[in-house]
Amino acid sequence: MNDHDHDHDHDHDHEHEHDHDHAHDRPLSGPALRVKALESLLVEKGLIDPKTLDEIVDTYENKVGPRNGARIVARAWVDPAYRQRLLADATTAIAEFGYIERWAEDMVAVENTPGVRNMVVCTLCSCYPWPVLGLPPAWYKSDAYRARAIVDPRGVLKAFGEDIPEDVEVRVWDSTAEMRYLVLPERPAGTEGWTEEQLAQIVTRDAMVGVGTVKRPGGGT
Amino acid sequence: MNSIHDMGGMHGMGPLVIEHDEAVFHERWQGRVFAMRMACAFHRKWNADMGRYARERMPPAEFLAASYYERALYALERVLVENGLVGEDELAGGQATSTAKGAPTLKPEQVATIVRTRRRARLDDDVAPLFKVGDAVCACNIHPEGHTRLPRYARGRRGIIDRDHGVFAFADSNAMTRDKKPQHLYSVRFAATELWGSAVSPHDSAYLDLWDDHLEPA
């Protein structure tokens with residue numbers, strides 16, 4: 001996230017007095033206090049604009065999230081040509097949606113089939129495809145998941161309620177580089193004739209990380 | 001470096017806690033850390049691999065006791081100081097004693113663009129691959145004190161090149177000396193039994209992204 005190829009202006013503007021803490025009457029402690037001190041220092045030094053921090057937080061809380069990925073999955077389910085493009089070159093196929101520039105983040109889509117289950121982990125930190133899934137949930141970043149998913153994927157899947165038959169192949173993708181992985185889950189039975197929009201509604205984040213499957217509401221798998 | 005961040009395959013990390021409908025940020029300060037990291041990165045004083053290496057240098061006992069965003073805060077403080085944007089004295093005292101010269105500040109209206117264009121690890125350099133799809137390889141048995149993306153659990157293990165991702169900056173050197181050392185990145189398939197022994201399913205496998213410098217012919 002640190003390699004930017006942008007021109008930017010040199011306009012420093014620190015006129016906005018920043019104080020969000022009116023809404024929080026309880027005293028700050030621990031990391032909250034340390035973070036507040038660091039933010040004040042960085043603002044004082046002209047290194048950050050607190051309004052920019054507001055905008056970044058709002059973006060990841062409200063604008064970027066797994067709905068982005070769900071639309072990609074739904075498109076792949078209804079459009080065989082798109083599915084082929086996604087599996088052959090996910091980076092370019094995902095760029096068709098405009099969430100991310102084609103050159104900005106390299107993506108691979110891996111497809112679940114009746115005989116193959118894929119799941120994604122980052123054992124070294126918590127790499128995750130932000131533009132299509134948003135920020136990762138706490139469990140994905142947890143030491144428990146990072147340590148266990150690679151050695152005991154079937155046990156982890158069981159913790160998510162997924163019993164994997166012995167003859168099914170489980171593939172774990174450890175995001176050790178800058179490549180980001182999206183699991184293309186199986187389309188549930190009983191959704192024939194559904195529109196792309198309807199299908200996007202039932203695709204879950206967990207299915208796109210590979211720890212869940214997509215279920216048809218009201219039954220079926 | 002062989003530290004606690006490299007935790008693939010470790011035991012004793014506790015139960016998997018799965019929340020439902022969880023918030024993106026559980027506490028306000030977590031969002032501020034996340035956003036500060038992105039806004040500070042915009043100054044381009046360090047690369048993402050240097051940021052990763054900073055987090056890995058958190059002493060293991062502290063690392064284990066810290067939450068994800070506390071680890072991120074530690075790393076942010078380190079890269080700010082090590083790259084001259086903040087003085088150690090300023091960090092300790094909370095007061096600016098100098099100005100950071102020539103550092104343009106990320107503006108709110110630039111955020112939407114940053115989110116769509118924030119990373120570029122793929123390089124255009126014309127570098128020949130050392131391996132091709134289907135080749136049998138062995139992950140090097142290396143133990144660098146610096147940053148590496150070759151996890152301990154795969155070192156010395158045999159795998160097969162599954163796909164060639166193309167030419168990428170080599171994170172191991174980029175983190176230490178800013179040398180991008182362009183080379184091919186591959187997805188390498190390792191049988192689960194090769195990594196973990198005969199107790200795991202013979203059907204299962206792990207796929208790791210590794211660079212030419214991590215691999216030897218098997």
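Student: How many bridges join β3(A) to β4(B), and do they run parallel or antiparallel?
Tutor: Four bridges join them, and the two strands run parallel. Keep in mind that this is a predicted model.

Student: OK. Which residue stands opposite B:Ser205 there?
Tutor: That's A:Arg171, which faces B:Ser205 of β4(B).

Student: And what about strand β3 of chain B, how many bridges join it to β4(B)?
Tutor: Seven bridges link β3 (residues 183-191) of chain B to β4(B), and that pairing is antiparallel. Within β4(B), B:Trp211 has B:Leu185 standing opposite.

Student: So is β4(B) buried or exposed?
Tutor: Buried: seven of the seven residues in β4 (residues 205-211) of chain B are, so the strand is largely enclosed by the rest of the structure.

Student: Which residues sit on which side?
Tutor: B:Ser205, B:Tyr207, B:Asp209 and B:Trp211 are on one side, with B:Ala206, B:Leu208 and B:Leu210 on the other. Both faces are covered. In a regular strand, side chains alternate between the two faces of the sheet.

Student: Switching to helices. What span should α1 of chain A have, and what are the ends doing?
Tutor: α1(A) covers residues 30-44, and at 1.5 Å a residue its 15 residues should span 21 Å. The end C-alpha atoms are 22 Å apart, which agrees.

Student: Which of its residues are buried?
Tutor: A:Pro31, A:Ala32, A:Val35, A:Leu38, A:Glu39, A:Leu41, A:Leu42 and A:Val43.

Student: What covers them?
Tutor: The cover includes α2 (50-63) of chain A, and from chain B α1 (28-41), α4 (68-82) and α5 (88-93).

Student: And what follows the helix?
Tutor: A:Gly46 follows α1(A), with a positive phi near 75°.

Student: Aromatics next. How many pairs over all chains?
Tutor: The count comes to 18 aromatic pairs, with ring centres within 6.5 Å as the cut-off. Take A:Phe97 and A:Tyr99: their ring centres are 5.6 Å apart and the planes are at 15°, so they're stacked.

Student: Are those two buried or exposed?
Tutor: A:Phe97 is buried at 13% relative accessible area, and A:Tyr99 is buried at 12%.

Student: How are the rings of A:Trp139 and A:Phe160 arranged?
Tutor: Their centres are 4.7 Å apart with the planes at 65°, so that pair is edge-to-face.

Student: Where are they in the chain?
Tutor: A:Trp139 belongs to helix α7 (residues 138-141) of chain A, while A:Phe160 is in the loop between α9 (153-159) and β3 (169-174) of chain A. They're 21 residues apart, so to speak a link between distant parts of the chain. A:Trp139 is buried with a relative accessible area of 0%, and A:Phe160 is buried with 16%.

Student: Which residues form the aromatic cluster?
Tutor: A:Tyr60 and A:Trp130 come from chain A, with B:Phe25, B:Phe34, B:Tyr68 and B:Tyr69 from chain B.

Student: Which rings have an arginine over them?
Tutor: A:Arg75 lies over the face of A:Tyr82, 5.8 Å from the ring centre. In chain B, the charged end of B:Arg71 sits over B:Phe63, 3.8 Å from the centre of that ring.

Student: Last one: where is B:Asp49, and is it buried or exposed?
Tutor: B:Asp49 is in helix α2 (residues 48-56) of chain B. Its relative accessibility is 7%, under the 20% cut-off, so B:Asp49 counts as buried.

Student: What is B:Asp49 in contact with?
Tutor: Leaving aside neighbours within four places in sequence, B:Asp49 contacts A:Glu178 from chain A, and B:His147, B:Arg149, B:Ala171, B:Asn174 and B:Ala175 from chain B.

Methods
Residues are numbered from 1 along each chain as its sequence is written. Chains are lettered from A and ligands numbered from 1 in the order in which they are written. This is a predicted model: local features need pLDDT of at least 70, side-chain atom pairs count only at pLDDT 80 or more; totals for chains, interfaces and linings use all residues. Side-chain values use heavy atoms; hydrogens and water are left out. The expected span of a helix is 1.5 Å times one less than its number of residues. Buried means under 20% relative accessible area, exposed over 50%, partly exposed in between (1.4 Å probe, protein chains only). Contact means heavy atoms within 4.5 Å. Rings of Phe, Tyr and Trp (its six-membered ring) pair if their centres lie within 6.5 Å; planes under 30 degrees apart count as stacked, over 60 as edge-to-face and the rest as tilted. A charge sits over a ring if NZ of Lys or CZ of Arg is within 6 Å of the ring centre and within 35 degrees of the ring normal. Two strands pair if DSSP finds at least two bridges between them.
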